[in-house]
Amino acid sequence: MTVNNPKPPRLAEKFLSWYCKPNLLEDLQGDLNEYFNRNVKTKGARQAKLIYIIDVLKFMRLYTIRKPEFVNTLINWIMLGSYVKTSGRNIMRNKLFSFINIAGLSVSLLVGMLLIGLLNDIHSYDQFHEKKNYIYRVISNYQYLDQVDEQWYASSAPKAGQLIKESVPGVQDAALFHSWANNDLKTGDKVIPLQGHWANEALFNVFTFPLVQGNATTALKEPFSLVLTEDAAIKVFGTTDAINKTITMGEHEYTITGVAKNLPEFSHIKFEMLVSLSTRPVTEKEQYEKYELSWDNMWQGYTYLLLAPDTDLTTLQQNLDNLAVEQNKTIKNAKITLTLQPLNDIALSPQMNNSFGTTMNIKDVWIAGVLAIIVIISACFNYTNLSIARALKRAREIGVRKSIGATKRQVFSQFMVESVLIALAGLVIASVLFVLIKPFFLSIDSSVQSMIKLNLSLVSVLYFIALTLATGLLAGFLPAVFFTRIEAIKVLRSGMDLKLFKNLNMRKVLIVSQFTVSLAFIAATVIGYKQYKHFVSFDLGFATDNIINVKLQGNKPELIRKEFESIPEIEMISQSKVTAGIGYYYGGSMKYKNPLDSSHINHNTIDANYIPLHRHKLIAGKNFNPAKRDEPSSKTIGEAIVSENILDHFKIGDENRESAIGEIILLNRKEYAIVGVIENYHYGRADGDKNKVVLMHSETSASNLNLKINSTDWLATMNKIEAAWKKVDQVHPVEALFYTDQLKDNFNGLLAMLKVIGFIAFLAISIASLGLLGMVVFTTETRLKEISIRKVMGANTLQLTYLISKSFLVLLAIATAIALPATYYFFTEKFLVTMKNHLPVSVTDLVIGAMAMAVLALVMISTQTLKAARKNPAEVLKSE
Amino acid sequence: MKGTNLGEFEELVLLTIAALVNDAYSVAICDELEKNTGRAAKLGVVHAVLNRLEEKGLVKSKLGEATNTRGGKRKRYYAVTNAGKAALLKVKEVRDNLWSMIPGMTLKNI
């Protein structure tokens with residue numbers, strides 16, 4: 001035989017001997033070998049190997065497979081009792097270590113449970129629709145000139161929906177929504193505000209929203225039809241028997257054509273009422289004809305398609321692309337593309353503009369998932385670390401077990417059972433914590449609260465148990481492997497010459513990684529909080545202090561204003577369409593002399609008090625004239641005040657800003673004369689650029705009142721405002737908010753993220769500290785004799801403390817050296833680049849976090865080492 | 001005992017074992033079958049059949065001596081038992097009977 005004689009693949013051989021009955025094995029192996037040798041000669045080594053593998057798989061038949069051996073299983077079951085008993089004793093004997101392990105695991109399980117609850121809720125969304133697997137939402141992408149926008153819009157043009165239903169094969173039906181039909185319903189002298197949407201009659205065909213009363217196919221067909229949910233019907237009529245009753249909404253009378261069952265909790269589409277879409281061509285005639293049916297009106301419509309079961313999505317997408325190419329010819333300057341999003345993906349979808357209903361950003365859930373896994377792994381590290389550290393004490397037990405016949409597998413399963421037991425104990429504590437912490441978790445952010453409930457279900461409980469088992473197995477794996485390798489003879493001959501500390505390096509790595517993660521979390525929380533503080537008190541370019549904004553909610557401004565003027569604390573009142581700085585935008589296209597240069601700008605409509613009240617700096621020209629109360633008609637030229645960057649962008653006037661006064665601009669096809677120029681300011685958000693803004697004048701129409709308050713007793717003032725509001729509007733509760741609070745709410749997303757990271761940071765630190773404490777206690781215990789001898793020889797307490805702490809301090813230093821630069825890099829290069837105007841990351845912030853952590857660790861190390869160093873050597877040494 | 005009937009392939013395998021006398025082990029049976037029937041006999045299939053025949057008590061087997069052609073693994077030699085011989089004879093009898101019932105000319109000019 002030559003050396004390079006090909007051998008059958010080893011893995012396949014092993015597999016064969018694993019599954020095959022022992023009495024058949026030898027013969028089979030021989031046969032396969034014989035064939036293999038033959039194939040090597042005729043077909044070559046590679047093919048022979050392949051055939052060998054295939055044959056091994058083919059031989060897996062009922063008669064060749066080894067049956068599980070009953071006796072072994074029985075023994076394992078009996079031994080299980082013994083394992084539970086020894087594990088229980090061990091847990092009781094080492095109370096500190098057991099506490100550290102159980103506490104760490106229960107905290108990490110808690111995090112896992114929250115994540116599971118979250119995912120479970122999200123996956124329950126929209127599952128009640130019978131045709132859920134065939135429902136797709138049309139989403140759109142809008143590209144203005146060549147400004148590519150990566151983000152998709154959840155909305156789509158009503159025209160697109162109609163065209164798709166008419167012309168694209170495979171589409172059975174299309175449910176169309178027009179969002180925000182919120183309005184007041186009047187019946188008799190009752191006025192009830194309800195929220196809902198306009199929708200077409202296909203809605204009840206596509207979705208499963210069962211009607212208690214009314215005909216689902218026709219309920220939303222005729223104009224002025226209204227469908228209420230049961231709850232809404234009770235609110236309005238006091239009964240669910242509401243069909244064919246009439247009601248007034250706005251200036252029109254509507255008939256109730258259906259009463260729908262209350263919506264399931266987990267529906268991303270939410271409404272109290274639905275108005276037939278066919279109403280809009282009648283009530284909004286002018287707007288509807290001019291604008292709503294155009295291809296680029298994709299801002300308020302939502303389209304859900306019902307596809308035939310066997311529709312090919314690639315051809316459908318091609319059809320959509322063709323349709324878009326065809327239709328893009330009807331609009332100027334923009335390009336719209338369409339694609340489909342399955343209904344099942346909507347509750348957890350990527351960030352989208354104009355999102356509809358309750359949805360959650362998939363990126364946030366990923367971040368939460370990664371954080372949860374980090375915490376769980378960190379707790380498992382503790383378990384691994386402490387178990388191996390304590391190996392010395394258990395090694396003899398294993399030695400005895402092995403010498404009376406325990407197999408490797410049995411030792412392995414013993415330690416797995418033990419770690420699973422500890423994890424189960426952790427689960428009990430975690431369940432209590434889960435119930436306690438649930439309300440706090442839900443109140444992190446209003447969007448979380450409206451989205452998830454975290455109620456327990458059978459499925460989630462099963463997942464909890466699975467998580468616990470997985471965590472237990474993960475935590476116990478390394479110690480179990482370690483203990484199976486122990487050699488009985490060596491341990492029993494002399495426990496002390498064991499080379500148990502071979503794994504010292506691994507344990508050091510575990511400690512360092514735990515502390516690196518904890519430090520990074522702390523630093524991230526500190527930096528994030530600084531940024532949050534910075535943004536909520538950011539100088540937007542105008543004054544926001546002592547201002548209360550009141551939403552008019554459809555009331556006439558002058559009526560409310562009249563009531564407010566009698567309140568002495570209100571110094572000044574102005575009115576506006578948009579509240580600046582909180583992320584709301586009104587956009588339009590503007591032209592100057594060059595008819596081809598049309599640019600997107602933001603605009604607001606304000607009265608003459610607005611600019612002085614908000615202390616905007618007027619650079620040139622003058623403020624609006626409050627005496628001009630008439631709305632500019634389409635024939636006259638309106639007045640506009642513009643921000644400086646408008647002048648720069650359109651090159652209006654020269655260096656001297658005064659030269660721009662009197663120039664005529666075209667905004668949304670209407671002419672305006674510039675009467676004033678103000679300094680640039682943040683119209684949108686503090687973390688964006690200073691927008692190009694055109695301010696228009698109106699003393700009569702507005703959506704917000706801005707009240708400048710001079711008061712020491714804010715509560716009393718608020719009450720007065722509420723009372724004044726009540727005199728005019730008894731239906732809607734007053735919505736009066738401090739401007740500064742609105743600006744803060746604007747960054748609630750960031751705050752929610754900080755809360756989550758802060759919470760996780762706290763848990764990670766707790767776990768890491770517990771682990772460190774365990775290691776320090778263990779080290780001091782094992783080195784007690786050495787310390788005592790050193791003391792006898794003349795070492796003082798300080799020297800001894802330093803001696804023991806030294807190795808831990810080095811580990812902490814390494815963790816700091818890794819964590820801080822990494823965090824710094826992450827913030828400066830990745831996270832903050834998407835936020836404009838952010839505060840530079842200061843090194844002191846990073847160091848503060850590290851210092852806090854170092855102090856905590858030092859306290860733990862020094863208390864334990866001091867305790868050991870202070871011990872009376874006589875006490876320790878006399879027992880030998 | 002269930003299924004003492006012989007299937008077609010089982011019969012072929014049993015006959016081959018009988019024909020190979022002292023050299024009847026799996027690979028040899030495969031080769032012989034291929035040679036005589038002209039169709040590919042897969043090892044897995046033959047193995048399953050051998051196992052089934054042994055369960056039915058029609059063949060018995062014992063392990064032979066180790067050789068180094070098979071990676072040191074011993075061969076399992078099969079031999080037809082008395083029950084096996086009886087089964088074969090019975091099948092042959094049935095066929096002979098049926099043949100004898102066919103009038104001489106019907107099958108001659110194919």
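This is a predicted model: local features need pLDDT of at least 70, side-chain atom pairs count only at pLDDT 80 or more; totals for chains, interfaces and linings use all residues.

Trainee: Let us begin with the larger chain divisions. Into which domains is chain A divided?

Mentor: Chain A is divided into domain 1 (10-58), domain 2 (134-346), domain 3 (362-533 + 748-877) and domain 4 (570-709). Domain 3 is written as two segments, 362-533 and 748-877. As for spacing, the C-alpha centres of domain 2 of chain A and domain 4 of chain A are 35 Å apart.

Trainee: How many helices and strands does chain B have?

Mentor: Chain B contains 4 helices and 2 strands. Followed along the sequence, these elements of chain B give the pattern α-α-α-β-β-α. The C-alpha trace of chain B spans about 55 × 35 × 20 Å along its principal axes.

Trainee: What percentage of the residues in chain B are buried?

Mentor: Of the 110 residues in chain B, 27% are buried. Among the contacts in chain B with a separation of 6 or more, 48% join residues 24 or more positions apart.

Trainee: I would next like to understand helix packing. By what is a pair of packed helices described?

Mentor: Two packed helices are described by the angle between their axes and by the distance between those axes. In chain B, the axes of helix H1 (residues 8-20) and helix H2 (residues 26-37) come within 10 Å and cross at roughly 110 degrees. H1(B) is therefore roughly perpendicular to H2(B), because angles of 65 to 115 degrees count as such. From H1(B), the contact involves B:Leu12, B:Val13, B:Thr16, B:Ile17 and B:Leu20. From H2(B), the residues are B:Ala28, B:Ile29, B:Glu32, B:Leu33 and B:Thr37. By class, this contact of H1(B) with H2(B) has 7 nonpolar, 2 polar and 1 charged residues.

Trainee: At what angle do helix H19 and helix H22 of chain A pack?

Mentor: Helix H19 (residues 557-565) and helix H22 (residues 714-728) of chain A pack at about 140 degrees, and their axes are 9 Å apart. That angle makes H19(A) oblique to H22(A). The crossing of H19(A) past H22(A) is right-handed. On the H19(A) side, A:Leu559, A:Ile560, A:Glu563 and A:Phe564 meet A:Ala724, A:Trp725, A:Lys727 and A:Val728 of H22(A). The contact of H19(A) with H22(A) has 6 nonpolar, no polar and 2 charged residues by class.

Trainee: Let us turn to the contact between chains. How many residues of chain B are in contact with chain A?

Mentor: There are 13 residues of chain B in contact with 13 residues of chain A. On the side of chain B that touches chain A, the elements giving two or more residues are H2, helix H3 (43-56) and strand S2 (74-80) of chain B. H3(B) gives the largest share of that side, 4 residues. By class, the side of chain B that touches chain A has 3 nonpolar, 5 polar and 5 charged residues.

Trainee: Where does A:Arg685 lie?

Mentor: A:Arg685 is in the loop between strand S24 (670-678) and strand S25 (693-697) of chain A. With 23 C-beta neighbours inside 10 Å, A:Arg685 counts as buried. Not counting residues up to four places away in sequence, A:Arg685 touches A:Gly581, A:Gly583 and A:Asn746.

Trainee: Which value of phi does A:Asn546 have?

Mentor: A:Asn546 has a positive phi of about 55 degrees although it is not a glycine. A:Asn546 lies in the loop between helix H18 (504-536) and strand S17 (547-551) of chain A, and is partly exposed, with 15 other C-beta atoms within 10 Å. In chain B, phi of B:Val21 is near 50 degrees, likewise a positive value in a residue other than glycine. B:Val21 is found in the loop between H1 and H2 of chain B, and counts as exposed with 9 C-beta neighbours inside 10 Å.

Terms used
Residues are numbered from 1 along each chain as its sequence is written. Chains are lettered from A and ligands numbered from 1 in the order in which they are written. Domain bounds come from an automatic or database domain assignment. Axes are lines fitted to C-alpha atoms, for helices over the stretch in contact, and angles run from 0 to 180 degrees between N-to-C directions. Angles under 35 degrees count as roughly parallel, over 145 as roughly antiparallel, 65 to 115 as roughly perpendicular and the rest as oblique. Two residues are in contact if their C-beta atoms, placed from the backbone, lie within 7 Å. Ala, Val, Leu, Ile, Met, Phe, Trp, Tyr, Cys and Pro count as nonpolar, Asp, Glu, Lys and Arg as charged, and the others, Gly among them, as polar. A residue is buried if 20 or more other C-beta atoms lie within 10 Å of its own, exposed if 12 or fewer, and partly exposed in between; C-beta atoms are placed from the backbone. A crossing is left-handed if the near helix is turned anticlockwise from the far one by less than a right angle, and right-handed if clockwise.
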